[in-house]
Amino acid sequence: MGLSNWFKDLGMAGKAAVVVASGVALTASAYGIYSLYNSTTEPKVTKSDESDEEESIPEKRILVLGLDDAGKSVFLAALAQPDSTTRASTQPTEGFNVVCLTTDGLNLNIWEIGGSQKYRDYWPNFIEDCSLLVYIVDASNPSRFEESNKVLHGLLSEPKLYGVPVLLVTSKNDLSQARSLTEVTSVVQLQEVTKKSGSKWSTVSVQVNSNGETDGFIEAKAKILGLCK
């Protein structure tokens, strides 16, 4: 299924009005992103020196989900721009963000969807043909671990996500109150829920320090690529 089908559900009049108060503006912005994507990221092809055979780069669709204020936008920005001097500042996501990366022989279309309840209602519209679910948990906010657990379990009960690999990412590990990756993994019962859905899973902890430098993102990228292949 092409990316255009993801916009069909999001662009339906009744639903767009629910996504945000300014539904028309969001839909127009979303369509603009899609149009730009179509015009600038045509599949790259490599021609053999000995023949005219064309080989397109495989495309993988990745969803980055989690509760509001979990650190999804920061994760996506740091993953796309490791150099803190060129990295754009982030704001809480109103709707969704899209990043397209070509790396290690793969085209990665990474979609980060807002995590507040009004956007969670729309998550199911984006899960079809998903290659990997990246689920972000704020390690510094244990008061929301139970809620994050419930949301993740609800997600993985969706038949379209059966068998889709899951990468659990704990964020904000630079804060003193952050809980360990082992504790968060246990609290959200990742092993149990992925066993039910038949999904491979892995975990990684990341942080963006106050000076903009990052920790854990090289490992996170390696695990994303490993789970996608």
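**Pockets, buried residues and a binding site**

Mentor: The largest share of the lining of the second largest pocket, four residues, comes from α9. Before we go on, please keep in mind that this is a predicted model, in which local features need pLDDT of at least 70 and side-chain atom pairs count only at pLDDT 80 or more, while totals for chains, interfaces and linings use all residues. Residues are numbered from 1 along each chain as its sequence is written, and side-chain values use heavy atoms, with hydrogens and water left out.

Trainee: What makes a space a pocket, and what makes a residue part of its lining?

Mentor: On a 1 Å grid over the protein atoms alone, a pocket is an open set of points with protein on both sides within 12 Å along at least five of seven lines, whereas a cavity is a set where a 1.4 Å probe fits but cannot get out; a lining residue has an atom within 4 Å of a point. The second largest pocket holds about 290 Å³ of space, a volume being the space filled by probe spheres set on the points, which are joined across faces, edges and corners. Its lining has 16 residues, and those closest to its centre are A78, L79, P82, F217 and K221.

Trainee: Which elements each supply at least two residues of that lining, and what makes an element a helix or a strand?

Mentor: They are α4, β4 (96-103), β5 (106-113), β10 (214-215) and α9 (217-228). Helices (H or I, at least four residues) and strands (E, at least two) are DSSP runs numbered from the N terminus. By that rule, the protein chain has nine helices and 10 strands.

Trainee: How do the lining residues divide into nonpolar, polar and charged?

Mentor: There are 10 nonpolar, four polar and two charged residues in the lining. Ala, Val, Leu, Ile, Met, Phe, Trp, Tyr, Cys and Pro count as nonpolar, Asp, Glu, Lys and Arg as charged, and the others, Gly among them, as polar.

Trainee: Why is G66 called buried?

Mentor: Buried means under 20% relative accessible area, exposed means over 50%, and partly exposed lies in between (1.4 Å probe, protein chains only). G66 has a relative accessibility of 0%, and therefore it counts as buried. This residue lies in strand β3 (residues 59-66). Of the 229 residues of the protein chain, 44% count as buried.

Trainee: What makes α4 mostly covered?

Mentor: Seven of the nine residues of α4 are buried, namely K72, S73, F75, L76, A77, A78 and L79. S73, for instance, counts as buried because its relative accessibility is 13%.

Trainee: Where does UniProt place the feature "binding site"?

Mentor: An unreviewed UniProt entry places one such feature at G66, L67, D68, D69, A70, G71, K72, S73 and G115, and such annotations may be inferred rather than shown by experiment.

Trainee: How do you know that these residues cluster in space?

Mentor: They are spread over 50 residues of sequence, yet the largest C-alpha distance is 11.5 Å. With the same exclusion, A70 is in contact with I136, V137, D138, S171 and K172.

Trainee: Where is A70, and why does it count as buried?

Mentor: A70 lies in the loop between β3 and α4 (72-80), and it counts as buried because its relative accessibility is 3%. G71 is found in that loop between β3 and α4 too, and G71 is buried because its relative accessible area is 16%.

Trainee: Which residues does G71 touch, not counting those up to four places away in sequence?

Mentor: G71 touches I136, S171 and K172. The C-alpha atoms of G71 and K172 are separated by 7.3 Å, although the two residues are 101 apart along the chain.

Trainee: Why is K172 called partly exposed?

Mentor: K172 has a relative accessible area of 22%, so it is partly exposed. K172 is found in the loop between β7 (166-171) and α7 (181-187), and its phi is positive, about 60 degrees, although it is not a glycine.

Definitions and conventions: Contact means heavy atoms within 4.5 Å.
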